[in-house]
Amino acid sequence: MDWVNIAFWVFAIAATVSAGAVISVRNPVHGVLCLVLTFFSIACVWLLVGAEFLGVALVLVYVGAVMVLFLFVVMMLDIDPTKMREGWVRYLPVGLIVAVAMLVQMLILIGVKGRAVTPFPADNAAAVAADSSNVTWLARTLFTEYLLPFEFAAVILTVAVVAAVMLTLRRRTGVKSQNPGEQTMVKAGQRLRMVKMGAEAPVVHSNSKPATGEETQP
């Protein structure tokens, strides 16, 4: 077994174990950290087979943006700042394990790439056949042969985003909400309303005491 197959099995096992931990751990922060390790392991597999653009895009988009956003949202669910500052240390061991695993995967990938004198069997096979780079071949193939599925995927994702927003903005009884349509159609004269109120004399009760603290004499 050569170094490429060994590295592939290491990345595959790491991705499988971390993916299982995502749905098995009870702490949501630990689940997000395991999901970060899963995406990073899959990105290493993409880089191993020569799909550099897919691997880098997976790291930048999902690991660097989406998962970090998920992590911040999960950690911000507890709005008590004192409790958050007291409990952040319990996430440190899992974070260190994920960081060490990612570092080991990076070193393995660099070592395998450095030992390889010739390209891997699957390394840029389609790009080499087309006599172009991996990014050029991917862009040309995506926007020519697979343009219609790509547009369908974009429409489906757009509909999913709109549906998620509509489900979030549904009317609930007993909850105050805003109507953006009414707010945008308001006129300048409706923004300020002057109300005239008549002056009322203060009501003095018979058992009230004077402001000086002296009791009234009968």
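How many aromatic pairs does the structure hold?

The structure holds 3 aromatic pairs. A pair here is two rings of Phe, Tyr or Trp (its six-membered ring) with centres within 6.5 Å. This is a predicted model, in which local features need pLDDT of at least 70 and side-chain atom pairs count only at pLDDT 80 or more, while totals for chains, interfaces and linings use all residues. Residues are numbered from 1 along each chain as its sequence is written, and side-chain values use heavy atoms, with hydrogens and water left out.

**Exercise 1.** Classify the pairs Phe8–Trp9 and Phe39–Tyr62.

Step 1. Planes under 30 degrees apart are stacked, over 60 edge-to-face, and the rest tilted.

Step 2. Phe8 and Trp9 lie 5.9 Å apart, centre to centre, with 70 degrees between the planes, and form an edge-to-face pair.

Step 3. Phe39 and Tyr62 have centres 5.2 Å apart and planes at 45 degrees, so this pair is tilted. Phe39 belongs to helix 2 and Tyr62 to helix 3, 23 residues apart. Helices are DSSP runs (H or I, at least four residues), numbered from the N terminus.

**Exercise 2.** Decide whether Phe39 is buried or exposed.

Step 1. Buried means under 20% relative accessible area, exposed over 50%, partly exposed in between (1.4 Å probe, protein chains only).

Step 2. Phe39 has 17% relative accessibility, so Phe39 counts as buried.

Step 3. By contrast, Tyr62, at 39%, is partly exposed.

**Exercise 3.** List what Phe11 touches.

Solution. Leaving out residues up to four places away in sequence, Phe11 has contacts (heavy atoms within 4.5 Å) with Ser41, Cys44, Val45, Leu48, Gln105, Ile108 and Leu109.

Terms used. Helices (H or I, at least four residues) and strands (E, at least two) are DSSP runs, numbered from the N terminus.
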